[in-house]
Amino acid sequence: MSAVSAPVTVGLGQAVVTDQPVGILGLGSCVGVCIFDHELGRAAVAHVVLPHEDGHVSTRAPARSAPAAVRWAVTELERRGSDRQRLVAKLVGGAHLLSGVDLPDIGAENVAAVRTALREAGIPVVAEDVGEDYGRTAHVDPATGRIVVLAIGRGERVL
Amino acid sequence: MLDDAVGFARWQRDVLLPAISQSLEQAGRALSTMVQSPIRVAVPHVAMVGIDEITPSVGGAGVPVVAAYLGMTGDMAGHLMFMFPMPVGFGLVDRLLGQPPKTTITLGTLETSALAELANITGSSILNGLADAAGLRVLPSSPTVRTDMAGALLESVLVPVAQRSEQVVLIRTVFEGDGWGIVGDCFLLPTVEGLEALVQGLVSRKS
C-alpha cells in the first residue's frame, strides 16, 4: 500500500483544519493529534510539542501544548460546522528516542496530556501508534479518516 | 554588543568561531591517530538559529539521519548533537574504518563505536574550546549514536530546552582527509542559563 500524498506539512506547534491530505514529518517526543469529522471529510491536525501550557502564546503555534491544541482544534472544527458528538481522534508519536540518556520522557507526558485533554473535551481516541523509541512520520487523509504511519526500518502502519 | 544583527554576526565571527576552531586542530590530530590517516576538522560557519530553521538545514524533519548525542553538565548544561544525512554518515563511517565507499549500509557495533569516538573527540574539543574561551567548566557525557528521522531526534533534545529557549548554536563541521571531505551539522543546545553563561563569559574574556 502506498503512502497518501501529503503536500502540506504541519510543523512544531502548528495546527490546521483541512479536507486535504497533510503530513506531520519526523515526530519524536511530539504527538500528532488528528481529530476527524468523518461526515464532513474534514480533520484538525495538530503537532503538539509540550504536555502543559508554558505561557508562550503564538498564533503561529496554536498547538504548542496539549490543552491548547485540543481547545484550538475543537473550536475551529465547530466553527466550521462540526458537531462535537461525531468527532473522533487518532494519535501518533510521543516516543522516547534517547531512552538510554538522562533526558525526561516528554513523549509519554505528551501522550498522557493529549488523552486527558481529549477526554475532557468528550472526544474518543479510536486509534493510536504512540510511545516506543523511534520516530514516525504521519500522512493524514481527512477524506478517508486514514493515517499512514512511517518509521525507518519498520515499514508502514495504517490507522 | 549582541543587540543588533551586525554586532551579533561580528561576535560569531570574531569570538565564537576562533574559540571553536583552535580546539579542533587538536581533534584533527586525535582522529588522525585513531584512523591512522590524516584527518582535519574545520568549522567554516557558526550561527545562532531558531529551532524552526534546524531541520531544513539537514534536509527536512522526515529525512533519515545518523546522529551522535553528548549531554553537557557543569557551568553550561545542555545538549550537543552531530547530525549527518544517513548516506553521508555511512560514508563517514567508511572513511573512519578505512573501507571502500558504500561499504556501510547499517550501523553495527563497530560502526556505532567509530561514530561515537568521532563525536566524543570532536564534541569534547568543541566544548573544551568554548569552555576555555569563556572561563567555564563544561563536562560532556559519553556519546550515544542513533539513526532515525532528523525531526524526531532533534525533538528529543530540543523540547526539554525549548520550554524556555528557542535558539540553538549551529556549528557546521567539516571532516577532511586525503581526497575527501564530509560536512555535518553540530547543534549546541545549552539551557537558557548555560547560553547566558557562555555569552557573558566569551564577551567578558574578549573585552
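This is a predicted model: local features need pLDDT of at least 70, side-chain atom pairs count only at pLDDT 80 or more; totals for chains, interfaces and linings use all residues.
**Notebook: chains A and B**

I started with burial: 53% of the 159 residues of chain A count as buried (20 or more other C-beta atoms, placed from the backbone, within 10 Å of the residue's own). Residues are numbered from 1 along each chain as its sequence is written, and chains are lettered from A and ligands numbered from 1 in the order in which they are written.

Next, the overall form of chain A.

Then I went through the elements, which are DSSP runs numbered from the N terminus (helices: H or I, at least four residues; strands: E, at least two). Chain A has 2 helices and 10 strands, in the order β-β-β-β-β-α-β-α-β-β-β-β from the N terminus.

On to the contact between the chains, where two residues touch if their C-beta atoms, placed from the backbone, lie within 7 Å. Chain A puts in 24 residues and chain B 25 residues. On the chain A side, strand β3 (residues 22-27) gives the most, with 3 residues.

Last, I checked helix α3 (residues 86-96) of chain B: 8 of its 11 residues are buried, among them B:Phe90, B:Leu92 and B:Arg95. Just after α3(B), B:Gly98 has a positive phi of about 65°.

Technical notes: A residue is buried if 20 or more other C-beta atoms lie within 10 Å of its own, exposed if 12 or fewer, and partly exposed in between; C-beta atoms are placed from the backbone.
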